[in-house]
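Okay, hi everyone, thanks for coming.

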Amino acid sequence: MVATKETENIERYCTVEESLIQSFKEVKLMEAGLLPKKSWAQAKAEVEEYIERVKNGEED
């Protein structure tokens with residue numbers, strides 16, 4: 001990612017490592033049937049919707 005004026009002051013709420021570990025935990029829960037399974041398309045759509053909400057100021 002290229003740093004711009006908009007992105008250079010944004011702080012991450014977690015590290016990339018923490019995010020990856022959380023993703024692995026969620027996959028294990030899905031495989032165990034404790035979380036509903038999502039397709040790649042569903043997960044991608046959720047991320048895109050979240051990004052739009054952030055851009056519109058609806059999320060922090």
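Let's start with helix H2: it has 16 residues and reaches 23 Å from its first C-alpha to its last, close to the 22 Å expected at 1.5 Å a residue. That expected span is 1.5 Å times one less than the number of residues in the helix. And when I say helix, I mean a DSSP run of H or I with at least four residues, while a strand is a run of E with at least two, numbered from the N terminus.

Quick housekeeping before we go on. This is a predicted model, where local features need pLDDT of at least 70 and side-chain atom pairs count only at pLDDT 80 or more, while totals for chains, interfaces and linings use all residues. Residues are numbered from 1 along each chain as its sequence is written, and side-chain values use heavy atoms, with hydrogens and water left out.

Just after H1, glycine 33 takes a positive phi of about 80 degrees.

Proline 36 counts as exposed because its relative accessibility is 60%. Here's the scale: buried is under 20% relative accessible area, exposed is over 50%, and partly exposed is in between, using a 1.4 Å probe and protein chains only. The C-alpha of proline 36 is 9.8 Å from that of glutamate 26, and the two residues are 10 apart along the chain.

Now for the charges. A search of the whole structure finds 2 salt bridges, meaning a side-chain nitrogen of Lys or Arg within 4 Å of a carboxyl oxygen of Asp or Glu. Which residue does lysine 38 pair with? Its partner is glutamate 46, with the closest N and O atoms 2.8 Å apart. Glutamate 46 is in helix H2. Lysine 38 is partly exposed, at 41% relative accessibility, and glutamate 46 is partly exposed too, at 39%.

The other bridge joins lysine 44 and glutamate 48, whose closest N and O atoms are 3.8 Å apart. These two are 4 residues apart in helix H2, so about one helical turn separates them. In general, an α-helix has 3.6 residues a turn, so residues three or four places apart point the same way. Lysine 44 is partly exposed at 42%, and glutamate 48 is partly exposed at 42%.

Next, the greasy bit. Val47, Tyr50, Ile51 and Val54 form a nonpolar patch on the surface, with about 320 Å² of accessible area together. Patches take residues with over 30% relative accessible area and no salt bridge; like charges are joined within 9 Å, and nonpolar side chains (Val, Leu, Ile, Met, Phe, Trp, Tyr) within 5 Å. Tyrosine 50 lies in helix H2, residues 40-55, and is partly exposed at 36%.

Last, the whole chain. Of its 60 residues, 3% are buried. The chain exposes about 6,000 Å², and carbon and sulfur atoms supply 56% of that. Those accessible areas come from the Shrake-Rupley method with a 1.4 Å probe; for residues, only the protein chains shown count as cover.
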